[in-house]
Amino acid sequence: MYLNCKTYFSFTYGTFSTEGLVKTAIDKGVTALALTNINNTYDIWPFVKSCEKEGIKPVVGVEIRNKNKLLYILIAANNNGLAWIHQFISRHQMAKLPFPEPASSLKLFEEAWDGFVIYPFGGKPLDQLLPNERMGIRPAEITKLFSVDWKPYSDRLVVRQPVTVQNKTYYNLHRLLRAIDCNVLLSNLPADECCDPDETFVSPSELIQAFKQYPFIVTNSYKLIDSCKVEMDFKTDKTKQVYGGSREDDRILLEKLATDGFSRRYKKTDKVAWQRLQAELKIINDLGFNAYFLINLDIVRYAQFRKFYHVGRGSGANSIVAYCLNITNVDPIKLNLYFERFLNPERTSPPDFDIDFAHTDRDEVMDYIFKRFGTQHVALLGSFPTFKRDKINLELGKVFGLPEEEIKAMRHANGPVDEFTRLIYQYGRLMYGFPSNPSLHPCGMLITEKPILNYCSLFMPPKGFPTALMDMFTAEDIGINKFDILSQRGLSHIREAQRLIKEQHNVSIDIHDTDKFMKDPNVATQIRNANSIGCFYIESPAMRQLLKKLRCDDYITLVAASSIIRPGVAQSGMMREYIYRYHHRDKIKYIHPLFEEHLSETFGVMVFQEDVIKIAHYYGGLSLGKSDILRRAMSGKYRSNNQFMMIKEEFMRSAAAMGHKHLDSAEVWRQMESFGGYSFNKAHSASFAVESYMSLYLKTYYPKEFMVAVINNFGGFYSTELYFIELLKTGATIIPPCVNNSQILTGIVNGQVYTGLVHVKDLREQLREGLIEERNTNGPYLDLQDFIRRVGPGLAQVEILISVGAFAFTGRSKKQMLWEASILLAKPKNNSKTAIALFDEAPIQFQESQQTDHPLDDLYDQMEILGFPLTNPFNLVDADPALFIKAGNLEHYHKKIITVLVYYIARKVAVTKNDDQMFFGTFLDAELNWLDTVHFPDTAKKYPLHTAGFYKITGKVTDDFGVYSLEVHHMEKATYKQRSYAEL
């Protein structure tokens with residue numbers, strides 16, 4: 001009877017969770033249930049699993065709507081019917097076509113026995129119903145049967161009791177969700193956008209009572225349910241199983257390619273490496289992962305063919321097979337990478353390969369994967385954002401018509417302040433965690449053995465690739481292992497830097513010769529001094545401080561630092577403990593001898609995910625399989641916390657059985673928990689460190705080209721302004737945008753850096769590209785008049801270019817040119833590009849004036865148009881930097897109160913155990929040296945830090961492992977110099 005049930009995966013419509021719907025069915029004594037979400041089958045797999053667990057027969061289908069109009073309900077009678085439903089939904093969703101309206105000619109399902117179609121009452125004439133079509137009757141519609149000749153079609157009538165909301169409260173929530181979806185005030189929400197208030201989970205006895213005069217309708221409903229049987233297999237690996245002709249062919253090919261690669265990576269006499277290779281090949285084959293490795297290799301080889309840079313990381317980077325295949329560039333023998341983190345006989349899923357590409361290349365790699373393995377078998381992995389506190393406040397605030405200021409104020413409020421905010425808090429608690437809309441996973445791709453429509457439907461996001469309506473948890477749960485194809489700008493700026501170096505110096509760098517970089521003393525000095533701005537993963541204030549505290553100057557230490565910097569570790573105290581032990585190795589006290597035996601390399605501290613597995617196995621007595629499940633649970637690989645808590649209990653029991661004291665085991669668990677949730681596996685950290693060394697080498701020997709490359713790829717930790725400051729520190733001469741020398745991106749011409757036109761605010765893209773095209777075709781511009789004649793810009797656009805200094809090559813003042821432009825462009829003119837006249841007209845002769853530009857005007861123009869000055873920002877401060885302590889002299893003022901004059905760069909917000917807010921600030925002084933500050937809660941509240949500019953800060957100098965910072969006591973903004981306009 002329950003043939004039309006929805007969950008909150010009927011996005012911004014239903015209010016039941018998947019498990020909540022099934023639990024309600026149990027409470028009502030229901031034995032069979034159909035899930036029919038609106039235009040998608042997102043949660044059918046979790047639904048089926050939950051039903052089977054509770055002993056309910058699951059039926060799956062979909063409710064088809066065009067906007068808010070219900071057309072029909074499709075119910076899968078078998079797996080062919082489910083695949084057809086997925087194909088039907090996907091075809092219309094991806095092409096953004098409306099679904100077909102009911103009609104006598106409309107045939108749904110390939111074969112009638114594959115599924116059922118249920119029309120709402122009156123949705124189709126009874127005499128036109130096909131053999132697999134039914135008419136759904138709601139309890140409220142029973143009286144309408146008196147006006148219909150239904151008797152010849154009595155076998156076609158079924159009960160349709162929609163289940164959308166739990167009760168009146170959730171009906172109110174439903175209305176709020178609909179208002180959010182329609183982007184209207186709640187008071188303006190059309191009634192037909194909402195479900196009926198009676199779309200609740202009515203008990204079977206109530207439905208039977210409602211249809212007591214028509215018991216055959218109830219019987220028909222049960223018959224329909226009984227005839228549905230969809231087999232949902234959760235155990236079989238559904239990822240593409242065969243790469244070549246057969247599984248045996250794959251085994252032979254992988255062994256051949258790995259063996260060939262071994263001869264390039266290792267000496268023939270290296271028995272340890274050879275034995276590791278053979279052991280890995282055996283277990284890869286035994287677990288059926290040959291095709292998985294070959295597919296990843298195929299992807300990497302395509303990238304190499306296209307000369308795309310890549311970095312292979314993830315747990316797969318623990319593999320010597322991956323290293324020999326050049327999927328990764330991390331030597332597992334050299335780094336003593338833990339084999340069981342990569343694979344162990346109890347593991348059921350393949351290791352992760354996270355393959356990074358430059359952000360400009362990834363889409364082409366994805367396109368290749370679709371074409372290489374077939375669009376019927378490939379899709380991007382889906383996901384769904386959920387409603388969290390800020391989003392709830394924003395959306396419900398808009399629905400209730402609150403002003404923007406009041407919505408923002410809710411972020412910092414401790415509770416409701418009026419009736420509207422009380423309602424937002426009340427309903428916000430109910431909708432917290434609801435999925436808001438279909439989206440896509442940042443990097444996952446699915447490649448299946450059978451057509452992917454057997455398992456899910458697809459939609460087309462703006463990305464432009466078919467995307468599965470299925471998230472990573474469901475995919476893994478049903479046996480589809482994702483391939484992670486990531487993009488990062490670190491690789492992009494490495495490639496761009498190499499291009500600039502070749503262009504400027506005619507030098508080609510083998511960027512993969514990382515062994516050379518790791519042995520370079522100048523590179524080591526860069527790391528030790530944390531001179532790493534722009535370098536992948538090691539440029540943030542926290543990472544730079546950690547490098548200085550460790551006095552890191554080698555690869556192994558950098559690998560460890562890449563993991564212990566992760567969130568959660570500092571709060572647990574283990575990062576500080578690691579630093580202490582690193583510098584005081586003679587004072588290390590191991591919590592247990594097993595820690596010394598297995599974690600001596602990291603001084604008894606769990607730094608990597610492998611360490612969690614080792615300790616869970618050797619100290620806790622868990623099997624390798626259970627240890628890996630523990631690691632995955634700590635890493636957030638499971639939806640719920642239940643499995644995590646069960647493993648904790650098992651760990652404590654097993655550790656006790658091993659003879660360990662409860663207090664010791666509790667401390668071990670605390671340490672494992674702090675690291676496991678955030679730490680990297682060692683190979684992952686090692687891969688990051690390799691890329692960091694690539695950046696460091698380029699920054700060390702070609703700093704100007706490197707920083708220009710960083711600027712051109714955007715997306716770093718800091719703002720573009722900071723990267724221009726860092727470029728300034730290399731000694732580069734930075735020229736404002738120039739119509740004769742600037743490109744779209746920043747470039748180097750005759751050793752000088754010309755700021756890219758992309759940084760000019762409000763400069764139209766069409767004009768930007770047009771002026772470059774005209775310059776390339778007909779040569780440099782002679783002057784302002786020549787530019788106007790050839791490009792045909794509007795006055796406002798010319799004023800922007802003049803003000804930013806784009807015509808400085810003329811040697812004329814900006815004031816003079818602004819006046820001339822206003823004269824030249826005063827009369828109406830065609831805005832289209834003007835062709836060069838057959839006979840050049842003589843330029844208008846303007847009388848030269850004595851107008852001059854003040855240097856301060858130029859800086860303010862740059863601030864307004866670029867967002868930052870192209871010189872030392874302290875040229876703008878209305879204070880004398882010489883009167884303040886310099887950042888480089890902090891060590892001479894340890895524990896003393898000093899005052900500094902600094903320029904704001906960044907801040908990090910932290911929350912204390914008492915739920916108070918504090919800050920960590922990052923600033924530059926007048927010599928462009930870094931200064932780090934700590935703002936404890938009292939100071940943070942008294943002196944908020946949230947705007948850019950100059951600050952006078954007074955505080956106490958503190959020392960932490962030789963790294964000095966300022967504990968802030970007082971802070972005030974320093975003013976900018978008054979703009980002094982030149983005389984006209």
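What share of the contacts in the protein with a separation of 6 or more comes from residues 24 or more positions apart? The share is 70%. The model discussed here is predicted.

**Overall form**

The protein holds 37 helices and 21 strands. The C-alpha trace spans about 100 × 85 × 60 Å along the principal axes. Of the 984 residues, 55% are buried. The accessible surface amounts to about 43500 Å², and carbon and sulfur atoms contribute 51% of that area.

**A buried helix**

Helix α30 covers residues 703–713 and is largely enclosed by the rest of the structure, because 10 of its 11 residues are buried. The buried set includes the charged residues Lys 704 and Glu 705. Also in the set are Phe 706, Met 707, Val 708, Ala 709, Val 710, Ile 711, Asn 712 and Asn 713. Among the elements that cover these residues are the helices α17 (489–505), α29 (682–701) and α31 (720–729). The strands β15 (747–749) and β16 (752–754) also belong to the cover. After α30 comes Phe 714, which has a positive phi, near 50 degrees.

**Charges and salt bridges**

The protein carries 115 positive and 114 negative side chains, and the centres of the two sets are 2 Å apart. Side chains of opposite charge can pair when their charged atoms come close. Across the whole structure, 52 salt bridges are found.

| Salt bridge | N to O distance |
|---|---|
| Asp 286 – Lys 282 | 2.7 Å |
| Asp 515 – Lys 334 | 3.5 Å |
| Lys 814 – Asp 861 | 2.7 Å |

Asp 286 and Lys 282 both sit in helix α8 (residues 271–286), and being 4 residues apart they are separated by about one helical turn. An α-helix has 3.6 residues a turn, so residues three or four places apart point the same way. Asp 286 and Lys 282 are both exposed.

The side chains of Asp 515 and Lys 334 meet in a salt bridge. With a relative accessible area of 43%, Asp 515 is partly exposed.

Lys 814 and Asp 861 likewise form a salt bridge. Lys 814 lies in helix α35 (residues 814–824) and Asp 861 in helix α36 (residues 855–865), so this pair ties together parts that are 47 residues apart in sequence. Lys 814 and Asp 861 are both buried. They also take part in a network of salt bridges that includes Lys 815, Asp 853, Asp 857, Asp 858, Glu 864 and Arg 979.

**His 441**

Leaving aside residues up to four places away in sequence, His 441 touches Leu 381, Gly 382, Ser 383, Met 472, Lys 482 and Asp 484. Thr 269 is 172 residues from His 441 along the chain, and the C-alpha atoms of these two residues are 44 Å apart.

Notes: Residues numbered from 1 in each chain as written. Predicted model: local features only at pLDDT ≥ 70, side-chain atom pairs only at ≥ 80, totals over all residues. Heavy atoms only, no water. Helix = DSSP H or I, 4+ residues; strand = E, 2+ residues; numbered from the N terminus. Buried < 20%, exposed > 50% of the residue type's maximum accessible area, 1.4 Å probe, protein only. Contact = heavy atoms within 4.5 Å. Areas by Shrake-Rupley, 256 points an atom, 1.4 Å probe, with all protein chains shown as cover. Charge placed at Lys NZ, Arg CZ, Asp CG, Glu CD. Salt bridge = Lys/Arg side-chain N within 4 Å of Asp/Glu carboxyl O.
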